[in-house]
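Please keep the sequence and the structure in view while reading.

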Amino acid sequence: NLHAIIDPLPASYPNRAAAEAGLANHATVMRQFLLANLRAQSEPPFTLHWVFDLAGIRGELLKTIQADQTATWKSIKCPMLVARGERSDSVTADNLAEMLALNANARGAVIANAGHWVHVDNFQGTVELVTQFLKSVKR
């Protein structure tokens with residue numbers, strides 16, 4: 001659940017140690033992602049701030065993700081690749097089947113040894129799948 005990740009995040013951290021302590025309860029991959037998205041101010045006190053728009057994510061992205069996107073999904077005309085990790089509990093096999101049924105331009109794939117973050121859990125498998133897909137698309 002994105003709310004469980006995004007809602008508790010502070011706007012900044014005073015230093016790296018505080019950020020690491022504040023994010024300690026997150027799974028390793030998520031913690032590494034969040035820590036990689038903090039940058040220090042160029043002036044003292046060098047507070048760490050997010051490189052992404054945390055307020056925007058809280059205000060708009062979460063609403064968009066939770067909104068019904070069926071009409072938008074059906075309207076996409078270009079070839080699409082929809083990949084899910086075989087261990088993903090965010091995008092289930094049923095979700096993938098539903099997405100593919102809604103748009104004939106969508107091709108589906110399951111990436112082995114991956115959860116929701118396929119590119120993190122199985123980078124090589126993701127690269128191979130995307131490369132194969134891009135080579136198959138007619139110009």
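## The largest pocket

Helix α4 supplies six residues to the lining of the largest pocket, the largest share from any element. The model is a predicted one. In total, 42 residues line this pocket, and L2, I65, S90, V91 and H116 lie nearest its centre. The elements that give two or more residues to the lining are α1, α3, α4, α5 (70-75), β4, α6 (93-102) and α7.

How much space lies in the largest pocket? The volume is about 1600 Å³.

## The nonpolar core

In soluble globular proteins, nonpolar side chains tend to be buried together. Here, the largest nonpolar core has 15 residues. Those with the most contacts inside this core are I6, L9, Y13, L23, L34, L38 and W50. Two or more core residues come from each of α1 (2-6), α3 (28-36), β3 (48-50) and α4 (54-66).

## Helix α8

Helix α8 has 14 residues, 123-136. At 1.5 Å a residue it should span 20 Å, and its end C-alpha atoms are 20 Å apart, which agrees.

Which residues of α8 are buried? They are T126, L129 and F133. These residues cover an arc of only 70 degrees around the axis, so they sit on the same side of α8. The buried residues of α8 pack against β4 (80-85), β5 (106-111) and α7 (118-121). On the face turned away from the buried side, α8 carries the exposed residues F123, Q132, L134 and K135.

Terms used: Residues numbered from 1 in each chain as written. Predicted model: local features only at pLDDT ≥ 70, side-chain atom pairs only at ≥ 80, totals over all residues. Heavy atoms only, no water. Helix = DSSP H or I, 4+ residues; strand = E, 2+ residues; numbered from the N terminus. Expected span 1.5 Å × (residues − 1). Buried < 20%, exposed > 50% of the residue type's maximum accessible area, 1.4 Å probe, protein only. Arc of directions from axis to C-beta. Contact = heavy atoms within 4.5 Å. Core = buried A, V, L, I, M, F, W, Y, C linked by side-chain atoms within 4.5 Å. 1 Å grid on protein atoms, 1.4 Å probe; cavity = no way out; pocket = protein on both sides within 12 Å on 5 of 7 lines; lining within 4 Å. Points joined across faces, edges and corners; volume = space filled by probe spheres on them.
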